[in-house]
Amino acid sequence: RIQILFEVCHAPPLHSSLNMGRTQKISVFVTLGFVVVTFVMLYEPPAKLVIPPSPVADISPDIRPKTKSSSRSFKEFLAQDVRGLRLEELEEMFWEHFDVIEYEVSRRMKRIKRLCQSQNLNFKIHNLYAFNEINITWCPVFKASSTTWKDFFVNHFYRNAPGPPYPLEILTPRKLRNFSQVDRQRIWARSENLRNKRITIVRHPLARLISYLQNSRSFLQLHQQRKNWIADAIMNNRRRLIKDNSMEAAFRDELVQYLEVVNKDAERENFNISNHNPYLDPPYVLFTELVDHIERVKQHEQVLDGHWFPATQWCDVCPNNFDYIIKLEHEPWELLYLLHKVGLWDKRAEFLTQHNASPKHGITKNTTQLLQTHLNMLSPHQKSFLNSVYKHDLVLFEYDSF
């Protein structure tokens, strides 16, 4: 083939071929014929993107009715107390204020893209799971409705999975790898359909930490996480409270023994906690101790638990260029909006009625008080540390600082 192309490139121009002899003309035309035949044989048309039928039935492409525009601001709309409303009533309010909700989400996405272009954030971390059958790519931000979405995907794509609760590892075959930059705005993985909508749900970092802390105090989590971080967090923060250093080893052994049996009702109830053991008073991690432990992990340049990761970093928001990023605090409205936009509207009841779904009324007076109570526990140094760790989340998603 190289020889043929060489001969063509060095063949005399067409006008000079008029003066060629019969043998030369035949040689040139035969060479050109070889080039044409070779091109036809080697050419392969680009493969068409084929998406199999969706296992989720009856997905309506666009069911939004015509709505009258509302002049109410999104903040005023969120302030409404919708507790006790039936799903049908929530839907009616959603469609009535659809334009307000859509404007807020669109404004946020434009702002995020603008900030990403100016800050050039790229953590090279990819926690994306592709569900090409329904054209969705999802990043799970822990303690931000990740369990609700994980359960939905497992129920529809892994019907024989044991559980619930389901470990995220079930979805490992869906996790994207082999990323490459195909344009200036987004990186892609080879196994991801180009028409997939990339989505995630975020939450204020303070609320995520509080939710994780409350979950870690269950007897099961105390046992399961004892070696990962709980025992270390307790001992490192309370060792200074031991007045007699000779008792430290005994107190430590007692803590280890308690965490070994805490998930067994009978053994836990019969466990005798000695007096004056600071490791078991109380027998769980305090909020300030969790923050101090995260700081120690960062100081030793160890990998953070996924539950403590900033969402901006965990999902690598900027290079992954998400289509929709909604806030847990704005549910159910932004959840309904997202389900509508990604073709899962007929599954809305499944999302809103999950046992682990977020409250249907967003932020209430009680949740605000809970956040403020935990915020008041922190020292100025701890607040400064958390502001530093979660600075990109606070800026990109417009959350108040600690």
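**Reading the fold: strands, burial, salt bridges and rings**

Analyst: Strands β5 and β6 run parallel and are joined by four bridges. Strands count as paired if DSSP finds at least two bridges between them. Helices (H or I, at least four residues) and strands (E, at least two) are themselves DSSP runs, numbered from the N terminus. The model is a predicted one, in which local features need pLDDT of at least 70 and side-chain atom pairs count only at pLDDT 80 or more, while totals for chains, interfaces and linings use all residues. Residues are numbered from 1 along each chain as its sequence is written, and side-chain values use heavy atoms, with hydrogens and water left out.

User: Which residue of β6 is the bridge partner of Ile201?

Analyst: The partner of Ile201 is Ile326. In β6 (residues 324-327), Tyr324 and Ile326 point one way, whereas Ile325 and Lys327 point the other way. All four of these residues are buried, where buried means under 20% relative accessible area, exposed over 50% and partly exposed in between (1.4 Å probe, protein chains only).

User: Where is Arg198 found, and is Arg198 buried or exposed?

Analyst: Arg198 is found in strand β5, which covers residues 197-202. Arg198 counts as buried because its relative accessibility is 0%. The side chain of Arg198 reaches the backbone oxygen of Asn320 at 2.7 Å.

User: How many helices and strands does the protein chain have?

Analyst: The protein chain has 20 helices and six strands. Of its 402 residues, 45% count as buried. Contacts (heavy atoms within 4.5 Å) can also be sorted by sequence separation: among those between residues at least 6 apart, 75% join residues at least 24 apart.

User: How many salt bridges does the structure hold?

Analyst: A salt bridge is a side-chain nitrogen of Lys or Arg within 4 Å of a carboxyl oxygen of Asp or Glu. The structure holds 18 of them. In one, the side chains of Arg348 and Glu91 meet at 2.6 Å, N to O. That pair links distant parts of the chain, with Arg348 in helix α17 (residues 348-352) and Glu91 in helix α5 (residues 87-96), 257 residues apart. Both ends lie below the burial cut-off: Arg348 counts as buried at 19% relative accessibility, and Glu91 is buried at 14%.

User: What parts does the bridge between Arg108 and Glu334 tie together?

Analyst: In this salt bridge the closest N and O atoms of Arg108 and Glu334 are 2.7 Å apart. Arg108 lies in helix α6 (residues 98-119) and Glu334 in helix α16 (residues 333-341), so the pair ties together parts 226 residues apart in sequence. Arg108 and Glu334 are both buried. They also belong to a network of salt bridges that links Glu104, Arg107, Arg108, Arg111, Glu334 and Glu398.

User: How far apart are the closest N and O atoms of Glu133 and Arg174?

Analyst: They are 2.8 Å apart, in a salt bridge between Glu133 and Arg174. Glu133 sits in the loop between β1 (129-131) and β2 (136-139) and Arg174 in the loop between α7 (146-157) and β3 (179-181), so the pair ties together parts 41 residues apart in sequence. Glu133 counts as partly exposed, at 21% relative accessibility, whereas Arg174 counts as buried, at 15%.

User: What does Arg174 lie over?

Analyst: A charge sits over a ring if NZ of Lys or CZ of Arg is within 6 Å of the ring centre and within 35 degrees of the ring normal. Arg174 lies over the face of Phe157, 4.7 Å from the ring centre. Likewise, the charged end of Lys327 sits over the ring of Tyr399, 4.5 Å from its centre.

User: How many aromatic pairs are there?

Analyst: Rings of Phe, Tyr and Trp (its six-membered ring) pair if their centres lie within 6.5 Å; planes under 30 degrees apart are stacked, over 60 edge-to-face and the rest tilted. The count comes to 23 aromatic pairs. Trp229 and Trp308 form an edge-to-face pair, because their ring centres are 5.5 Å apart and their planes stand at 90 degrees. This pair links distant parts of the chain, Trp229 in helix α10 and Trp308 in the loop between α13 and α14 (311-314), 79 residues apart. Both Trp229 and Trp308 are buried. Separately, one aromatic cluster is formed by Tyr129, Phe131, Trp138, Trp149, Phe152, Phe153, Phe157 and Phe351.

Terms used
A polar contact is a pair of N or O atoms within 3.5 Å; within protein, one must be able to donate a hydrogen and the other to accept it, and residues adjacent in sequence count only if both atoms are side-chain atoms.
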